[in-house]
Amino acid sequence: MIAIRYENKVAVLMYHDISDNESLYAISPAKFGAHLALLGASGYRFISAEALYGFVMQNKPVPDNAVLITFDDGYASFYRHAYPILQSYGAVAACFLIVGYVNPQRKAGYLSWDEVREMKSRGFGFYSHSYCSHEPRIGYQGKPVNPLTNRLFLPQQRRLETEAEYVRRVKSDLLAAEETLRSELGNELSMLCFPHGIYNRRLIEIGDELGISLYFTGEEGLNPPHSRLIRRINAGSVQITPQRLLTILQTLSSL
């Protein structure tokens, strides 16, 4: 009999890249497959981002031991490696795209729209990781900052953005991502994964004005109903063996 580790909660796993050159942000295809195999054998049940939305926003039930798999950035390895492995285990995933990096020519190392559309037709979800605000830019005192949570330095004017300029820029970026996802994929749900997990109250206010429903963070934990700030577990790092991932899930389920 499969043990019930938790009920009425969802564990969200965070991955980035799938590569034989493992790092803090990449694990091998073999290890990723081993993660899925052990999770399935241990009674964890894979769900979609749409199911998480229904759970959080509409009080819909999820299976015991529910797990959502997410990938950040939209690397080409998601199609090349993660997609076929996930299909082999009957699982889907949500991928958060840096939307401006996806185009017919493809930014080197990232997904193309044709690949994204194929995967979406198989039940995979694709949402925003910003349009082009993932990389740090220059802010106060010439220091690199997260562009979605900080005013930027305007070199030609030799000053920081005003608050109003900051808000217009962030709205423009997030809106461009949402409009592109709607036009390219027909998305109806709006979800945002914070670049590098960084956020503040003002960014959430801006997102709420644009109709964004769920926000994915880098904070660790399981997710109960009605919490729009989604916690995740970093599973896609070199030190996370399949057994280590099980241990993390078991520890969090006991808190």
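I take contact to mean heavy atoms within 4.5 Å. The model is predicted, so I note that local features need pLDDT of at least 70 and side-chain atom pairs count only at pLDDT 80 or more, while totals for chains, interfaces and linings use all residues. Residues are numbered from 1 along each chain as its sequence is written, and side-chain values use heavy atoms, with hydrogens and water left out.

Entry one, the whole chain. I looked up the secondary structure and found seven helices and 15 strands, counted as DSSP runs from the N terminus (helices H or I, at least four residues; strands E, at least two). Buried residues make up 50% of the 255 residues, where buried means under 20% relative accessible area with a 1.4 Å probe, protein chains only.

Entry two, the helix pair. I found that the axes of α1 (residues 29-41) and α3 (residues 77-88) come within 10 Å and cross at roughly 30 degrees, the axes being lines fitted to C-alpha atoms over the stretch in contact, with angles from 0 to 180 degrees between N-to-C directions. The two helices are therefore roughly parallel to each other, a term for angles under 35 degrees.

From α1 I listed Pro 29, Phe 32, Gly 33 and Leu 36, which meet His 81, Ala 82, Ile 85 and Leu 86 of α3. By class, this contact has six nonpolar, two polar and no charged residues; Ala, Val, Leu, Ile, Met, Phe, Trp, Tyr, Cys and Pro count as nonpolar, Asp, Glu, Lys and Arg as charged, and the others, Gly among them, as polar.

Conventions:
Parallel < 35°, antiparallel > 145°, perpendicular 65-115°, else oblique.
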